[in-house]
Amino acid sequence: MTGDGRRHLVIVGASLAGLRAAQTLRAEGFEGELTVVGAELHAPYDRPPLSKQALTAPGGPPDTALPVPDGIRARWLLGRPAVALDPRAATVTLADGTTLPYDGLLVATGAAPRRLPPDRGAPPRRVFTLRDREDAHALRAELTPGRRLLVVGAGFLGSEVAAAGRALGLDVTVVEAGRLPLERVAGSAVGAFVADLHRTAGADLRVETTAETLHSGPDGALTGATLGDGTTVTADVAVLALGAVPATGWLAGSGLDAEGGVRCDRWLRALDTEGRVVPGVFAAGDAARVPQPLADGQPMALGHWSDALDQAATAARTMLTPHSPHALDAVPSFWSDLYGARIRSVGLPGAADEARVVEHDAVARRMEVSYHREGRLVGALTVGRTARLAAYREELHRRSTTVPAG
Ligand SMILES: Cc1cc2nc3c(=O)[nH]c(=O)nc-3n(C[C@H](O)[C@H](O)[C@H](O)COP(=O)(O)OP(=O)(O)OC[C@H]3O[C@@H](n4cnc5c(N)ncnc54)[C@H](O)[C@@H]3O)c2cc1C
């Protein structure tokens, strides 16, 4: 590349997407100055184990640090969250008052757990959300034998925490507002399958209800909850797994269309509220809303590990050659481990209007479902049948690259 030696690229968000973008920039020959800004004090680490092995592994949580290759040559500004972006001046401001000028900026700030509405007041002690390493360590310390665990929300995260609780021998109650766990994102067959996994493992799954009030004792620690259906649950520890919201609050006032994730085009260039490209600004990972060809080009924030990697690599390439941008052409994918069952999906099951169950064997814990939108394949999900996804992925890739992405 020419002229790179003078360019200063800034990545905000020092985790999965941020690291992958930095790696890609160097691998593609970027020789200029590179700064990575992170709100956390930690070097990049992986989050998926935080709701799995980090809660259950004997002998303490495993090290989930992501390897940082030597060749990255970045200046790491950790523990210093970005608080403002001024795209006109091409500067980003950090909480300590530092102002960083940039020639290109990547927003990779991920997401934060959705919390209880503020009018419910501060939650009692031993009520957790789970997003970062500190959350996982604090939660793990409270998951001691004999305790009763309440999990609010039976999405993938809540379901994994419930599975961890059962693996540790706790009494577990799972409260889910929908008719079945995961029904909204994966349909009723998968929802029934996951409900069965919970119940077979001894978790008390309560559906079509919500945790209305959390109760605490005189010491301020959780004692239980009243549910929307009027019943009560006793609990010593609770995890609120109510979904995640893209961490884009710091972009308020920047002009970016950042509500619910930075809206991007398929080249990962950030758009303003008028839908115009904001020069020099890009986004990737859980913080980004990217047009999905499989959902008729609708921009969506997916919240999946592999999508964060794919988007970060594409955004980094586009940052280097803004005049011949790289389009994202990866098929979304996701995995989860529940009670020893490996769930994997490709495409966008949640965008389907029809789910076709190809195989359902509750005893062998195997499943294969294909998802369709107006008759066209948009996704597939397997349990214990990972090998079957390759053919779906190919077909979805073909579709994603031939359908306009908006
Ligand atoms: C507990 C858990 C389990 C998961 N399990 C799975 C799984 O099984 N399968 C799967 O596909 N996906 C899973 N995911 C999702 C996956 O981890 C995410 O999709 C992935 O981490 C996204 O990477 P990211 O870099 O975009 O965001 P993040 O990993 O969230 O990183 C964003 C970083 O930006 C930092 N940041 C935030 N605001 C600022 C700011 N203003 N300034 C500077 N830095 C900031 C944050 O502190 C964070 O370090 C899981 C997520 C969690 C939390």
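**Cavities and an open sheet in a predicted model**

The lining of the second largest cavity consists of four nonpolar, two polar and two charged residues. Here Ala, Val, Leu, Ile, Met, Phe, Trp, Tyr, Cys and Pro count as nonpolar, Asp, Glu, Lys and Arg as charged, and the others, Gly among them, as polar. The model is predicted: local features need pLDDT of at least 70, side-chain atom pairs count only at pLDDT 80 or more, and totals for chains, interfaces and linings use all residues. Residues are numbered from 1 along each chain as its sequence is written, and side-chain values use heavy atoms, without hydrogens and water.

A cavity is a set of points, on a 1 Å grid over the protein atoms alone, where a 1.4 Å probe fits but cannot get out; lining residues have an atom within 4 Å of a point. Grid points are joined across faces, edges and corners, and a volume is the space filled by probe spheres set on the points. The second largest cavity holds about 40 Å³ of space. Its lining residues are Q292, L302, D307, D310, Q311, L328, A330 and P332. Helix α6 (residues 305-320) gives the largest share of this lining, three residues. Helices (H or I, at least four residues) and strands (E, at least two) are DSSP runs, numbered from the N terminus.

Five strands form an open sheet in the order β23-β24-β27-β26-β25, with antiparallel pairing; two strands pair if DSSP finds at least two bridges between them. Because β23 (333-338) and β25 (354-361) are at the edges, each with a single partner strand, one side of each has no neighbour in the sheet. β23 is joined to the antiparallel strand β24 (residues 341-347) by six bridges. S333 has V346 in β24 as its bridge partner.

Conventions
1 Å grid on protein atoms, 1.4 Å probe; cavity = no way out; pocket = protein on both sides within 12 Å on 5 of 7 lines; lining within 4 Å.
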